[in-house]
Amino acid sequence: DLAQNFTFTGTVAGAGENNVPYFDVKTSGDQTLNHNTATKITFNTELHDSAGAYDSSSNYRFTPQTAGRYLIYASLSYYHSGTVLSDARTYIYKNGSAYRQSSGGIYSGQFSYWNFPTSSIIEFNGSSDYVEVYGQVLTSDGGTASVSEGRVTYFGGFLIATW
């Protein structure tokens with residue numbers, strides 16, 4: 001039997017993680033994407049940034065200052081009006097290269113929203129690694145589509161383990 005009772009009279013140290021640093025960001029407006037072009041999403045509104053490690057003004061990337069494994073998540077809400085989307089992709093990029101993606105085929109001739117979330121556990125060295133989000137659309141006529149700002153377009157992450 002592993003059940004035990006403990007009575008503490010002082011401070012308990014080392015119990016649990018505090019999951020810091022963490023960040024959660026969103027876009028402040030819609031962003032147009034060109035046909036078949038991976039485009040960095042400009043997440044320029046910080047909701048949370050515990051360590052000041054997210055750049056919301058120029059690079060739109062998270063550069064953790066603490067080495068470890070992080071849960072990174074992103075969701076892009078794609079929409080179009082008039083152009084038929086045939087495919088949309090949400091990418092998590094690490095150090096400038098695609099690391100994880102979600103995608104799906106789409107067919108609709110009317111105004112529509114499609115949401116593609118993705119997530120991954122990623123190791124960072126804590127000094128120079130960084131993570132960004134890109135979106136890509138394929139349209140039936142070579143036209144543009146957009147990523148919608150709002151509640152379903154977001155990017156974030158938090159530390160889950162150090163070594």
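Tyrosine 70 has a relative accessibility of 0% and counts as buried. The model is a predicted one. Phenylalanine 124 is also buried, at 1% relative accessibility.

Eleven aromatic pairs occur in the structure. In one of them, the ring centres of tyrosine 70 and phenylalanine 124 are 5.3 Å apart with the planes at 80°, so this pair is edge-to-face. The pair connects distant parts of the chain, since tyrosine 70 belongs to strand β7 (residues 68-80) and phenylalanine 124 to strand β10 (residues 112-124), 54 residues apart.

## Other rings and charges

Tyrosine 91 and tyrosine 93 make an edge-to-face pair, with 5.9 Å from centre to centre and 90° between the planes. Tyrosine 91 is buried at 9% relative accessibility, and tyrosine 93 is buried at 13%.

Ring pairs join Phe23, Phe43, Tyr54, Phe62, Tyr70, Phe124 and Phe155 in a cluster. Lysine 94 lies over the face of phenylalanine 124, 5.6 Å from the ring centre. Arginine 61 lies over the face of tyrosine 130, 3.7 Å from the ring centre.

## Phenylalanine 23

Phenylalanine 23 is part of strand β1 (residues 22-26) and is buried, with a relative accessible area of 1%. Residues touched by phenylalanine 23 include Tyr54, Phe62 and Phe155.

## The whole chain

The protein chain has 13 strands and zero helices. Of its 163 residues, 44% count as buried. Among contacts between residues at least 6 apart in sequence, 73% join residues at least 24 apart.

Note on methods
Residues are numbered from 1 along each chain as its sequence is written. This is a predicted model: local features need pLDDT of at least 70, side-chain atom pairs count only at pLDDT 80 or more; totals for chains, interfaces and linings use all residues. Side-chain values use heavy atoms; hydrogens and water are left out. Helices (H or I, at least four residues) and strands (E, at least two) are DSSP runs, numbered from the N terminus. Buried means under 20% relative accessible area, exposed over 50%, partly exposed in between (1.4 Å probe, protein chains only). Contact means heavy atoms within 4.5 Å. Rings of Phe, Tyr and Trp (its six-membered ring) pair if their centres lie within 6.5 Å; planes under 30 degrees apart count as stacked, over 60 as edge-to-face and the rest as tilted. A charge sits over a ring if NZ of Lys or CZ of Arg is within 6 Å of the ring centre and within 35 degrees of the ring normal. Lists of a residue's contacts leave out its neighbours within four places in sequence.
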